[in-house]
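I opened this notebook to record what I looked up in one structure. The entries follow the order in which I consulted it.

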Amino acid sequence: MKPDAVSRGLIGAVISRFEQKGFKIVAMKMVKMSKNVAEGFYSPHKGKPFFAELVSFMTSGPIVAAVLEGNSAVEVVRRMIGATKSPEAAAGTIRGDYSLAITANIIHASDSEESFEREYGVISKLF
Ligand code: ATP
Ligand code: MG
């Protein structure tokens with residue numbers, strides 16, 4: 001959960017959806033990303049026009065990092081969070097229901113097993 005989810009008091013609402021769906025929360029912690037960690041976490045986006053804004057946003061306040069376990073977790077969670085651009089995200093998805101912004105879009109989720117392995121390597125240092 002990104003800083004906007006924490007500051008807006010949406011941690012419970014978001015986690016609740018995953019619990020209700022049947023995912024097991026195997027790790028969870030509120031942490032603050034340093035600039036270094038945020039840049040490493042989003043390194044595939046380095047050089048894109050929104051990179052600096054993204055890093056600045058991700059370090060603007062605490063986040064809640066969590067690891068979910070369950071059937072087809074990557075695919076199902078991505079479907080539950082909705083499209084990257086919240087205004088385009090379908091109603092019933094997390095971004096569709098809780099955000100109208102593009103940078104502040106409530107939540108991150110790994111988009112492949114390979115991304116998970118890489119991202120977990122970065123974030124688990126904060127656990
Ligand atoms: P995330 O990686 O955060 O789970 P995502 O996989 O849906 O989101 P990405 O394409 O990986 O989307 O982009 C990473 C993040 O960068 C987005 O969640 C959003 O916060 C920001 N972002 C992406 N595209 C734009 C854009 N065109 N303008 C501003 N910010 C953007
Ligand atoms: Mg992504």
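Predicted model: local features only at pLDDT ≥ 70, side-chain atom pairs only at ≥ 80, totals over all residues.

Entry 1, a side chain and its partners. I found that the side chain of Asn105 reaches the backbone oxygen of Ile102 at 3.4 Å. A polar atom of the Asn105 side chain also lies 3.1 Å from the backbone oxygen of Thr84. I took a polar contact as a pair of N or O atoms within 3.5 Å; within protein, one must be able to donate a hydrogen and the other to accept it, and residues adjacent in sequence count only if both atoms are side-chain atoms.

Residues are numbered from 1 along each chain as its sequence is written, chains are lettered from A and ligands numbered from 1 in the order in which they are written, and side-chain values use heavy atoms, with hydrogens and water left out.

I located Asn105 in the loop between α6 (94–98) and α7 (113–123); helices are DSSP runs of H or I with at least four residues, strands runs of E with at least two, numbered from the N terminus. Asn105 is buried, with a relative accessible area of 2%; buried means under 20%, exposed over 50%, partly exposed in between (1.4 Å probe, protein chains only). Leaving aside neighbours within four places in sequence, I listed Lys2, Asp4, Thr84, Ser86, Arg95 and Ser99 in contact with Asn105, where contact means heavy atoms within 4.5 Å.

I counted 13 residues around ligand 1, and Asn105 is among the closest, with Lys2, Tyr42, Thr84 and His108; a residue qualifies if one of its heavy atoms lies within 4 Å. Oxygen atoms of ligand 1 lie 2.8 Å from a side-chain N or O atom of His45 and 3.0 Å from one of Arg95. A backbone N or O atom of Thr103 is 3.0 Å from an oxygen atom of ligand 1. Taken alone, ligand 1 exposes 570 Å², of which the protein buries 81% (Shrake-Rupley method, 1.4 Å probe; for residues, only the protein chains shown count as cover).

Which residues of α4 (residues 51–58) are buried? I recorded Phe51, Leu54, Val55, Phe57 and Met58. Seen down the axis of α4, these buried residues fall within an arc of 165 degrees, so they line one face of the helix; the arc is that of the directions from the helix axis to the C-beta atoms. They pack against α1 (3–7), α3 (35–41) and β2 (63–69).
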